[in-house]
Amino acid sequence: GFKGGVHVGVKTPAAIKEMAAKMLGQKLITKQTGAAGRICNTVAVVETVHTKEEKYFAILLDRAYGGPVVIASATGGVTIEDIAAANPDAIIKEPVDISIGLAPGQAKKIAEMMKFSCASATVDAEKQIEALYQTFIKCDCTMVEVNPFTETPDGRIVAVDAKVNFDDNAAFRQKAIHAQRDTSQEDPLDVEANSHDLNFINLDGNIACLVNGAGLAMATMDIIKLHGGSPANFLDLGGGVKTPQVVAAFKILNADPKVEGILVNIFGGIVNCATVAQGILDAAKEVWGGSPKVPLVVRLQGNNVEGAMELMKNSDIKCILGDDLDDGAKKVIAAVAAAKK
């Protein structure tokens with residue numbers, strides 16, 4: 001089949017048209033897309049850049065430094081992980097004080113450590129580093145990665161390929177940027193979860209988790225793994241969840257063909273357990289037309305748990321109640337195993 005997301009040496013308009021026609025509509029599979037790949041909807045046609053040397057340059061937000069960190073290397077063209085594995089000493093790390101930005105001479109220092117072949121390239125790199133940092137700050141980026149950060153034979157610096165991530169929390173002031181989001185390139189389940197303000201990450205396992213709070217969600221996945229199961233997702237309802245969001249969450253879990261069992265683990269502090277319980281009942285009717293089609297284990301504790309348990313016990317949906325997190329995890333794993341027999 002047709003392979004490759006980057007094709008060089010295509011010189012005439014007719015050849016470009018032919019090549020683009022072969023790429024559009026095809027599934028592209030790379031390290032970035034994962035095994036499932038992504039459909040190619042757009043082809044960018046750019047000028048060929050002749051390369052003398054390839055470098056690596058990125059700006060990231062790093063919790064350890066409490067702000068932006070420049071990561072660079074005199075070697076580029078491959079992933080930073082590959083560079084670090086081959087030669088850890090080749091990685092340049094330069095923290096930036098976010099309150100003042102790049103200090104005088106800091107961009108020049110980074111450019112010099114990247115070891116360009118001539119003075120003009122080093123000067124150009126310094127200017128590009130300063131411009132990239134301004135982009136990082138002004139556009140509310142969480143990452144700007146240029147790889148390769150290329151030096152041409154005539155001493156120019158060209159950003160041949162780049163990846164930019166933007167802070168979702170800043171979408172309200174970066175509307176023009178976020179309006180360009182192409183949801184066709186994302187996991188449909190992620191897109192659906194985002195539309196309901198649910199924190200969702202799809203995983204490879206078979207036991208779905210529906211939890212409130214990121215910490216509890218992590219603990220739930222760990223306890224499932226501890227008892228021999230495999231979590232199918234990270235799904236955090238959040239503290240201000242309403243019944244329709246619970247229903248939406250179950251629709252997302254039901255749409256995942258990997259899911260063979262569901263564990264609901266709610267500790268009601270802010271969230272009302274009865275809200276979640278009502279969401280479970282509504283979802284059972286709306287999603288499955290009655291009881292769930294896969295084993296459902298529910299563990300509820302905290303705010304209004306009495307009202308929640310009353311709702312669950314008086315309903316006619318088929319579910320298993322867990323006494324605590326450990327008990328709930330064991331029960332859902334056992335129920336999934338029994339359903340396969």
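**Close-up views of helix packing and a pocket**

**Figure 1. Helix 9 and helix 10 are roughly parallel to each other.** In this predicted model, the axes of helix 9 (residues 273-288) and helix 10 (residues 305-314) come within 7 Å and cross at roughly 15 degrees. Angles under 35 degrees count as roughly parallel, which is why the pair is described in this way. The crossing of the two helices is right-handed. Helix 9 makes the contact through Cys 273, Ala 274, Ala 277, Gln 278, Ile 280 and Leu 281, while helix 10 contributes Val 305, Gly 307, Ala 308, Leu 311 and Met 312. Sorted by class, the residues of this contact are nine nonpolar, two polar and no charged.

**Figure 2. Helix 3 and helix 4 are oblique to each other.** Helix 3 (residues 106-113) packs against helix 4 (residues 119-138) at an angle of about 125 degrees, and their axes are 8 Å apart. The crossing of helix 3 and helix 4 is right-handed. On the helix 3 side, the contact is made by Ala 107, Lys 108, Ile 110, Ala 111 and Glu 112; on the helix 4 side, by Thr 122, Ala 125, Glu 126, Ile 129 and Glu 130. This contact has five nonpolar, one polar and four charged residues.

**Figure 3. The axes of helix 7 and helix 11 cross at roughly 50 degrees.** Helix 7 covers residues 214-226 and helix 11 covers residues 325-339, and their axes come within 9 Å. The crossing of helix 7 and helix 11 is right-handed. Ala 219, Thr 220, Ile 223 and Ile 224 of helix 7 meet Leu 325, Asp 326, Ala 329 and Ile 333 of helix 11 in the contact. Six of the residues in the contact of helix 7 with helix 11 are nonpolar, one is polar and one is charged.

**Figure 4. The second largest pocket holds about 430 Å³ of space.** The pocket is lined by 17 residues, and those closest to its centre are Ala 36, Arg 38, Asp 187, Asp 190 and Asn 202. Helix 6 (188-195) and strand 9 (199-202) are the elements that give two or more residues to the lining. Strand 9 gives the most, with three residues. By class, the lining of the second largest pocket divides into six nonpolar, five polar and six charged residues.

Notes:
Residues are numbered from 1 along each chain as its sequence is written. This is a predicted model: local features need pLDDT of at least 70, side-chain atom pairs count only at pLDDT 80 or more; totals for chains, interfaces and linings use all residues. Side-chain values use heavy atoms; hydrogens and water are left out. Axes are lines fitted to C-alpha atoms, for helices over the stretch in contact, and angles run from 0 to 180 degrees between N-to-C directions. Helices (H or I, at least four residues) and strands (E, at least two) are DSSP runs, numbered from the N terminus. Angles under 35 degrees count as roughly parallel, over 145 as roughly antiparallel, 65 to 115 as roughly perpendicular and the rest as oblique. A crossing is left-handed if the near helix is turned anticlockwise from the far one by less than a right angle, and right-handed if clockwise. Contact means heavy atoms within 4.5 Å. Ala, Val, Leu, Ile, Met, Phe, Trp, Tyr, Cys and Pro count as nonpolar, Asp, Glu, Lys and Arg as charged, and the others, Gly among them, as polar. On a 1 Å grid over the protein atoms alone, a cavity is a set of points where a 1.4 Å probe fits but cannot get out, and a pocket is an open set with protein on both sides within 12 Å along at least five of seven lines; lining residues have an atom within 4 Å of a point. Grid points are joined across faces, edges and corners, and a volume is the space filled by probe spheres set on the points.
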